[in-house]
Amino acid sequence: MTRAPRRAVRILLATIGVMTTASVLLIATTPTTASAVDVFGSLRVPGEAAFIVGHRGDRAEAPENTMPSLELAMDDLDFVETDVQLSRDGVPVLFHDVTLERITGMPRLPGELGLAELRRLDVGSSYGEEYAGERIPTLDEFLAALARRETARALVELKADWRADQVRTVVDLVERHGLRGRVVLQSFSLETLFAVQRVSPTTPRIMLIRELPAEPVALAERLGVIGFGTTAASVTEVPGALEALHEAGVAVLCYTLNTHDHWQEVSELGVDGIITDQPSELDEWLAVTAPGT
């Protein structure tokens, strides 16, 4: 999960404040029928255990954004997080980075290759020999696995900017697998969030943002989001933001936290979800620090 540049966030918020066209106003006032409580359950209070989100699956046990990693998280957790990009021929696939180089050694963009070319790439060997030959999953493949697990839910990040017709491809797949309400779309991109709102206002969505604004409730209402995914520092640096969002029924999730100190910090604040690369360890930590969860 990458972080939006600070200057870009300021520009984004300023843009929201001056939007006056009739079409944008129509979008902004379209309510979502999903709520944070519907998707995440009761919003947390300080000291109450947050729900766990496996970041790109369970990266501590298997290569990120591969089916083994994602299935481990889906089997053990309420939520799994993954990233979606489009192949050159418009197929949604699961991959995080801007380029393929870190995982596959190929210095190309995922969108420069067709699905058949992407599926020939080995995304497991860089993690370990036992995962050699793992392939990039399609979103369709992932959603089929999610649908087979009645309690599993997913946060799906749409990377970069998506047009409405591209968003429609994702929404149609979610609907086809009967996963309405079990898949939350999220993005750092204002353009993408508005596209989701225009295409499917009832689809629950989260805004990913490095720094919460001084008045986060107004931003949440304008975008029709059920929550924010942000940093632990952002929650502590904006006094009263978490409380105000909870009063408005908006959830707050923190990424990507992998240490006991961070887990303790956000648990004391009362954030709703913790996105982590160490879901099994976090689960064990919560069992000790918050018995009964």
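This is a predicted model: local features need pLDDT of at least 70, side-chain atom pairs count only at pLDDT 80 or more; totals for chains, interfaces and linings use all residues.
## The chain overall

The secondary structure comes to 14 helices and nine strands. Of the 293 residues in the chain, 53% are buried. Looking at contacts between residues at least 6 apart in sequence, 61% join residues at least 24 apart.

The largest nonpolar core has 63 residues, and the members that touch the most others are Phe142, Leu143, Leu158 and Phe228.

Leu158 deserves a look of its own. Leaving aside residues up to four places away in sequence, Leu158 touches Val84, Val167, Val170 and Leu185, along with Gln186, Ser187, Thr192 and Val196.

## How H13 meets H14

Helix H13 (residues 260-269) packs against helix H14 (residues 279-289) at an angle of about 55°, and their axes are 11 Å apart. That angle makes H13 oblique to H14. As for handedness, H13 passes H14 in a right-handed crossing.

On the H13 side, the residues involved are His260, Trp263, Gln264 and Ser267, and they meet Glu281, Leu282 and Trp285 of H14.

## Two loop residues with positive phi

Asn65 sits in the loop between strand E1 (51-55) and helix H4 (67-76). Its phi is near 55°, a positive value in a residue other than glycine. Asn65 counts as buried because its relative accessibility is 4%, and the cut-off for buried is under 20%.

Ala160 is found in the loop between strand E4 (153-158) and helix H8 (164-176). Ala160 isn't a glycine either, yet it has a positive phi of about 65°. With a relative accessibility of 58%, Ala160 counts as exposed, so while Asn65 is buried, Ala160 is exposed.

## Glu215, out on a loop

One more loop residue is worth a stop. Glu215 has its place between strand E6 (205-208) and helix H10 (216-223). Its relative accessibility is 60%, so Glu215 counts as exposed. Glu215 and Ala241 are 26 residues apart along the chain, and their C-alpha atoms are separated by 7.3 Å.

Technical notes
Residues are numbered from 1 along each chain as its sequence is written. Side-chain values use heavy atoms; hydrogens and water are left out. A nonpolar core is a set of buried Ala, Val, Leu, Ile, Met, Phe, Trp, Tyr and Cys residues joined through side-chain atoms within 4.5 Å. Buried means under 20% relative accessible area, exposed over 50%, partly exposed in between (1.4 Å probe, protein chains only). Contact means heavy atoms within 4.5 Å. Helices (H or I, at least four residues) and strands (E, at least two) are DSSP runs, numbered from the N terminus. Axes are lines fitted to C-alpha atoms, for helices over the stretch in contact, and angles run from 0 to 180 degrees between N-to-C directions. Angles under 35 degrees count as roughly parallel, over 145 as roughly antiparallel, 65 to 115 as roughly perpendicular and the rest as oblique. A crossing is left-handed if the near helix is turned anticlockwise from the far one by less than a right angle, and right-handed if clockwise.
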